[in-house]
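Morning, everyone. Please have the sequence and the model open while I talk.

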Amino acid sequence: MQSFASAQAGAAAPAATPRRSLLDVVELALPKLVLGPTLLISLIFVYGFILWTGWLSFTESRMLPRYEFAGLLQYISLFGNERWWVAVRNLAVFGGLFIFICMAFGLLMAILLDQRIRAEGFLRSIYLYPMALSFIVTGTAWKWILNPGLGFERLVQQLGFSGFTFDWLVNPQMSIYTVVIAGAWQSSGFVMALFLAGLRGIDESIIKAAQVDGASMPRIYWSIIVPSLRPVFFSAFIILAHIAIKSFDLVMALTGGGPGFSSDLPATFMYAFGFTRNQIGLGAASAVMMMMTVAAVVVPLMYSELRRERRG
Amino acid sequence: MKQSTARFALTALTLASTLAFSAFARAGEVEVLHWWTSGGEAKSVAELKKILEAKGHKWKDFAVAGGGGENAMTVLKSRVVSGKPPTAAQVKGPSIQEWAKEGVLTNLDDVAKGANWDGLLPAVVSNVMKYQGHYVAVPVNVHRVNWMWANPEVFKKAGAKIPTTWDEFAVAADKIQKAGLIAVAHGGQPWQDATVFESVALGVGGAEWYNRAFVNLDASALNSPTMEKSFATLRTVQKYIDKDAANRDWNLATAMVINGKAAMQFMGDWAKGEFTAANKSPGKDYICVPAPGNKGAFTFNIDSFIMFEQKSADAKDAQRALASSIMEPQFQEVFNLNKGSIPARSGMSMAKFDQCAKDSSSEFESSAKSKKLVPSWAHGMAMPASAQGAMFDVVTQFMNSNMTPKAAAEKMAAAAKSK
């Protein structure tokens, strides 16, 4: 095909250098053409609308959007809003604990499953299964389990420990930790799958060499295997962080915002103020703050990781 | 040659007749946004559809379930912003005025004058339906919010009397708790907390103070000793709520009263539907009385449809037909029989309604005369959504922490300033 085309080109224009045919041009440009629409759509619908939300956060929009610039008044009223600070604190607690517990549990389960046990495939499926549930189902099921009158507390009391209490769900101070429990239960299996794949990709010869040197298994794990899982840690962190920040349906199903608004998160705050309470400007300001938080964490991390990759 | 001309003639005739018929069938189409998706509610909407179709218009249902209307309102905003509003939408309270201010609603004065709406609705109600003196919305029903639903068996077992004041309430609730039963069935959701608080505040402060505080948002009425006393009384009520109440749905709390596990619930008249569905009869298995201190006062929650400006003449006709049908006696009776509320239109025969509805209807008229007919702020009838949401936060925070009544009153005054 190529030679025929260039022969044609050669026949058409008697020039010294061979001219590129239309087919060549198309073939070179094909990837750009295919990705073009997707890129354009992402540019408009993701970044364009982020900018639109940012603009709305500087206006006085209430029930419907308005576009006159109104300064920083929405941010001032956001930072003076008690419920916002409860939501931010909850995000820090929930996000931190959720990511830490998922990674710790995920790594532990992956290491245990990696020991060439018999029913590995079966156990792997069981641990991964919770991820297949939607957050609404998880939230509702855990709401019943953690309900003092119906679930775990009642079960243990009926087993004979009549003084046992586990009323975190209805306790304003502890309700956010129930969200951590339900979220970690759902996502640990997924992190386990990531780590398992990473573990399977480690070169056996390094481990054998370390064993020859006389290192014990825990030492091998701590000094060789875990550090070489660095990219997996990074991916797991990004995915878990985005799940944590996006958490809306889990909170709504499990606690509905908690007793009062004690388990509110920025996502539920934004929905309540942006849509239910006809305060779109304030909701937009809270959305921009959420994005800034994500950017502050993710951008330096990505920069350092990509720089490391380029160097090494 | 002959065949082709014959075929051409036949095609032309068919096309012409389909066009003619479609023009005939193109009576106006009515697209109505609502969130009445549960059993009794859906039946009521079906009635409106039947009436409208009998008048020759098409009904396009636009039901958006869930959230007590939150999802529907979000959908409505996106429709209006994109320039294609529905014919009518289920919006109530000051939101009607907010929508009217955007300039997207139509003027219903011609329908209103023709059917004498001013004469058929109390002034408190018709003012909510108007913007700058012109009708922009039509009321469908009247719910009463300040009811107390009680199980007389539980009271008899505990040897307690049905309370008519908040002091009597504490005495009765103590007796019920000593008998090992739950005194107040409640669900710890912000709107339910606010519903109880609203009845408490009205009972403690009276209708005149209630209007100054929650309708006029007067700071001196909000941050006042009366407000502190209301919160202190709410604390007392809270003592008699069971500890599993957090995030419980309202109908599960009603079930506690139906099953005799709890003595009373402070809830609007939609709770009656639960009793009826459980085959309980008023007066025998359950009684409906005004909440303590609320005798003679009526807290109303009126569902209404706002009408959006339509472009085509057919749609305008259909919209006018919808507006007038809603206020007609036929629809008002059938709808409210199915839903458990009372007609918004006055002067209707209440013969087919049950005793609680009859009581509700007579109190509606008497409270309008004695100026004790007040809008329910917990159900979006008295103040804009931003202030209402902020006050919800205060009440629910109060019930879930050891906030003092004084701090709560100060926060209420601050909440009223929310924009």
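This is a predicted model: local features need pLDDT of at least 70, side-chain atom pairs count only at pLDDT 80 or more; totals for chains, interfaces and linings use all residues.

Strands of a sheet pair through backbone hydrogen bonds, either parallel or antiparallel. Here, 5 strands of chain B make an open sheet, and the order is 2-1-3-13-6. The pairing is mixed. Which strands stand at the edges? They are strand 2, residues 58-63, and strand 6, residues 137-139, both of chain B. Each has a single partner strand, so one side of each has no neighbour in the sheet. From one strand to the next, the twist averages 20°.

Now look inside the sheet. Strand 1 of chain B covers residues 29-34, and strand 3 of chain B covers residues 88-90. These two run parallel, joined by 2 bridges. Find B:Leu33. Its bridge partner in strand 3 of chain B is B:Ala89.

What lies across these strands? Helix 15 of chain B, residues 313-327, lies across strands 1, 3, 6 and 13 of chain B. Helix 15 of chain B runs at about 55° to strand 1 of chain B.

Next, helix on helix. Two packed helices are described by the angle between their axes and the distance between the axes. Take helix 10 of chain B, residues 190-215, and helix 12 of chain B, residues 225-239. They pack at about 165°, and their axes are 8 Å apart. An angle over 145 degrees counts as roughly antiparallel, so helix 10 and helix 12 of chain B are roughly antiparallel. Their crossing is right-handed.

Who meets whom? From helix 10 of chain B, the residues include B:Val196, B:Phe197, B:Val200 and B:Trp209. From helix 12 of chain B, they include B:Met227, B:Lys229, B:Leu234 and B:Val237. The contact of helix 10 with helix 12 of chain B divides into 10 nonpolar, 4 polar and 1 charged residues.

Helix 10 of chain B also packs with helix 18 of chain B, residues 385-399. Their axes come within 9 Å and cross at roughly 90°. Helix 10 and helix 18 of chain B are therefore roughly perpendicular. Look at the residues here. B:Pro190, B:Trp191, B:Asp193, B:Ala194 and B:Phe197 of helix 10 meet B:Phe392, B:Val395, B:Thr396 and B:Met399 of helix 18. By class, that is 7 nonpolar, 1 polar and 1 charged. Note B:Phe197: B:Phe197 is listed in the contact with helix 12 of chain B and in the contact with helix 18 of chain B.

On to the two chains. How many residues does each chain put into the contact? Chain A gives 23, and chain B gives 25. On the side of chain A, helix 13 of chain A, residues 266-276, gives the most, with 3 residues. That side has 11 nonpolar, 9 polar and 3 charged residues.

Most residues other than glycine have a negative phi, and most peptide bonds are trans. A:Arg116 has a positive phi of about 55°. A:Arg116 sits in the loop between helix 4 and helix 5 of chain A. B:Asn247 has a positive phi of about 60°. B:Asn247 sits in the loop between helix 12 and helix 13 of chain B.

Buried or exposed? A:Arg116 has 6 C-beta neighbours inside 10 Å, so A:Arg116 counts as exposed. B:Asn247 has 20 C-beta neighbours inside 10 Å, so B:Asn247 counts as buried.

Definitions and conventions:
Residues are numbered from 1 along each chain as its sequence is written. Chains are lettered from A and ligands numbered from 1 in the order in which they are written. Two strands pair if DSSP finds at least two bridges between them. Helices (H or I, at least four residues) and strands (E, at least two) are DSSP runs, numbered from the N terminus. Axes are lines fitted to C-alpha atoms, for helices over the stretch in contact, and angles run from 0 to 180 degrees between N-to-C directions. Two residues are in contact if their C-beta atoms, placed from the backbone, lie within 7 Å. Angles under 35 degrees count as roughly parallel, over 145 as roughly antiparallel, 65 to 115 as roughly perpendicular and the rest as oblique. A crossing is left-handed if the near helix is turned anticlockwise from the far one by less than a right angle, and right-handed if clockwise. Ala, Val, Leu, Ile, Met, Phe, Trp, Tyr, Cys and Pro count as nonpolar, Asp, Glu, Lys and Arg as charged, and the others, Gly among them, as polar. A residue is buried if 20 or more other C-beta atoms lie within 10 Å of its own, exposed if 12 or fewer, and partly exposed in between; C-beta atoms are placed from the backbone.
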